[in-house]
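Visitor: Hi, I'm new to this one. Could you walk me through it?
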Amino acid sequence: MNQIPALVRVFAYLSILTVGGGMAAFPEMKILTVDVHQWLTFSQLIHLYSVGQMAPGPNMMMIVSIGQWAGGILGAIAVLAAFFGPTALLAFIVAKAWKKLEKWPWRTSIQQGLAPVSIGLLLAGCFTMAKGAITGTETAAIAVAVLLILLQYKVNPALLVLASAGVGILTFMPK
Amino acid sequence: MSETAAKLVLQPEADSATASSEVSIGQIFLEFLIIGATSFGGVVPYLRGSLVTKRHWVDDKEFVQMLSISQSLPGLNATNMAILVGDKLRGALGSIAAIIGICLPGSVLMYVVGMFYRIHGDHDFVTAALKGVAAAAVGLILFTVMGLSKKSLAGKFDFVFMALTVIAVNRLHQSVPRTLVIVGLLAILFHRPRKKQKESATL
């Protein structure tokens with residue numbers, strides 16, 4: 001019944017996968033939180049992640065909502081500690097070593113090699129999410145429109161996400 | 001060329017570190033709390049505006065260096081930056097103050113939003129709005145991916161490694177760690193250091 005140990009295990013694991021960005025962990029987050037532990041449904045996960053894009057701060061704060069649903073306030077705190085603790089410790093330790101390795105030739109190789117893989121992981125996360133979020137012509141049009149506007153103009157992305165909520169209400173409200 | 005540039009950067013670093021030793025833990029916490037509460041639509045520009053422009057806690061070159069380390073390591077850019085800058089200013093305690101500060105406002109907000117969504121998430125009105133929001137989020141991630149690709153992918157082989165990663169995760173349903181290790185190693189070996197120009201010419 002007590003979900004806290006499972007929450008800690010899942011989010012500590014997901015923490016290590018966030019290479020390049022939070023989205024990199026999204027495919028496994030879907031499997032673990034939706035399919036394995038059934039803390040929420042896939043569409044709830046997508047909704048929470050998307051709403052989280054309007055919140056300030058690091059963009060994976062929606063994990064707090066999952067923790068809260070599964071384990072109350074303690075669940076929320078456990079998830080935060082599990083998700084940010086391991087990578088924080090790693091950054092703290094590795095960054096110092098990394099600076100000293102300035103002249104180690106493999107350092108550049110590692111950075112160059114990890115770049116395409118981390119971008120690929122973000123893209124894989126994006127596709128996983130699109131499977132649930134892009135359900136027809138209208139949603140596809142919204143996604144493309146947001147992409148084109150961002151490519152063309154310097155707009156705050158949070159505002160575009162907010163505007164899309166309005167578009168969603170106008171488009172998808174049952175008459 | 002990058003080596004000499006790095007030397008130049010490393011030199012003033014010691015000076016700015018002593019200059020910033022007067023920054024208190026409370027100040028660090030408060031500054032990151034403000035960033036955490038106001039950084040709508042992406043944290044990095046707010047971090048730069050606050051830490052480099054407003055407070056002069058890090059200079060621009062160091063900021064870029066820290067950001068590149070943050071991006072190579074697992075973890076979100078925002079929290080990795082908090083750890084690095086906090087550590088630079090006041091060691092481990094500074095890091096802890098910074099990461100708690102930057103995470104606190106968003107966590108509290110998403111805690112409340114999560115509760116609200118759980119109660120009202122199935123109203124037609126909310127479902128319709130969220131459908132739009134989720135579609136927009138997909139467009140936003142694509143934009144991020146395109147920006148990163150333009151900045152850090154060099155040559156067609158990088159696109160091959162990127163495609164391999166996507167196929168491994170989405171089509172072959174491989175776990176992210178396995179994909180990361182296998183494709184990552186291949187890509188790192190591909191980008192291995194080449195000592196002489198002769199070597200790279202024969203390849």
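This is a predicted model: local features need pLDDT of at least 70, side-chain atom pairs count only at pLDDT 80 or more; totals for chains, interfaces and linings use all residues.

Visitor: Where in chain B is the pLDDT below 50?

Guide: One such stretch is residues 1-20 of chain B. In the model that stretch has ten contacts beyond near neighbours in sequence. Another is residues 196-203 of chain B, where the pLDDT is also below 50. Residues 196-203 have two contacts beyond near neighbours in sequence.

Visitor: And what ipTM does the predictor give the complex?

Guide: The ipTM is 0.89, and the pTM is 0.84.

Visitor: How many of its residues count as buried?

Guide: Chain B has 203 residues, and 42% of them count as buried. As for contacts in chain B with a separation of 6 or more, 48% come from residues 24 or more positions apart.

Visitor: Let's look at some helices packing. At what angle do H4(B) and H5(B) pack?

Guide: The angle is about 130 degrees, and the axes are 9 Å apart. In chain B, helix H4 covers residues 60-72 and helix H5 covers residues 77-120.

Visitor: What do you call that arrangement?

Guide: Angles over 145 degrees would count as roughly antiparallel, and 65 to 115 as roughly perpendicular. At about 130 degrees, H4(B) and H5(B) are therefore oblique to each other. Their crossing is right-handed.

Visitor: Which residues meet there?

Guide: From H4(B) you have B:Met66, B:Leu67, B:Ile69, B:Ser70 and B:Gln71. They meet B:Asn77, B:Asn80, B:Met81, B:Leu84 and B:Val85 of H5(B). Sorted by type, the residues of this contact are six nonpolar, four polar and no charged.

Visitor: How do H2(B) and H5(B) cross?

Guide: Helix H2 of chain B, residues 25-38, crosses H5(B) at roughly 40 degrees, and the axes come within 7 Å. H2(B) and H5(B) are therefore oblique to each other, and the crossing is right-handed. Their contact involves 17 nonpolar, five polar and one charged residue.

Visitor: Switching topic: how many residues of chain A are in contact with chain B?

Guide: 93 residues of chain A touch 82 residues of chain B. On the chain A side, H1 (4-17), H2 (26-36), H3 (42-52), H4 (63-100), H5 (105-133), H6 (137-152) and H7 (157-172) each supply at least two residues.

Visitor: Which one gives the most?

Guide: H5(A), with 23 residues. Taken together, the side of chain A that touches chain B has 65 nonpolar, 25 polar and three charged residues.

Visitor: Why does A:Leu150 count as buried?

Guide: Because A:Leu150 has 20 C-beta neighbours inside 10 Å, and 20 or more is the cut-off for buried.

Visitor: And what does A:Ile16 touch?

Guide: A:Pro86 and B:Pro74, again not counting residues up to four places away in sequence. A:Ile16 belongs to helix H1 of chain A. With 16 C-beta neighbours inside 10 Å, A:Ile16 counts as partly exposed.

Visitor: Is A:Gln38 buried or exposed?

Guide: Exposed, since A:Gln38 has 9 other C-beta atoms within 10 Å.

Visitor: What about phi at B:His56?

Guide: B:His56 has a positive phi too, near 55 degrees. B:His56 is in the loop between helix H3 (44-54) and H4 of chain B. With 11 C-beta neighbours inside 10 Å, B:His56 counts as exposed.

Methods: Residues are numbered from 1 along each chain as its sequence is written. Chains are lettered from A and ligands numbered from 1 in the order in which they are written. A residue is buried if 20 or more other C-beta atoms lie within 10 Å of its own, exposed if 12 or fewer, and partly exposed in between; C-beta atoms are placed from the backbone. Two residues are in contact if their C-beta atoms, placed from the backbone, lie within 7 Å. Helices (H or I, at least four residues) and strands (E, at least two) are DSSP runs, numbered from the N terminus. Ala, Val, Leu, Ile, Met, Phe, Trp, Tyr, Cys and Pro count as nonpolar, Asp, Glu, Lys and Arg as charged, and the others, Gly among them, as polar. pLDDT is the predictor's confidence in each residue, from 0 to 100. Axes are lines fitted to C-alpha atoms, for helices over the stretch in contact, and angles run from 0 to 180 degrees between N-to-C directions. Angles under 35 degrees count as roughly parallel, over 145 as roughly antiparallel, 65 to 115 as roughly perpendicular and the rest as oblique. A crossing is left-handed if the near helix is turned anticlockwise from the far one by less than a right angle, and right-handed if clockwise.
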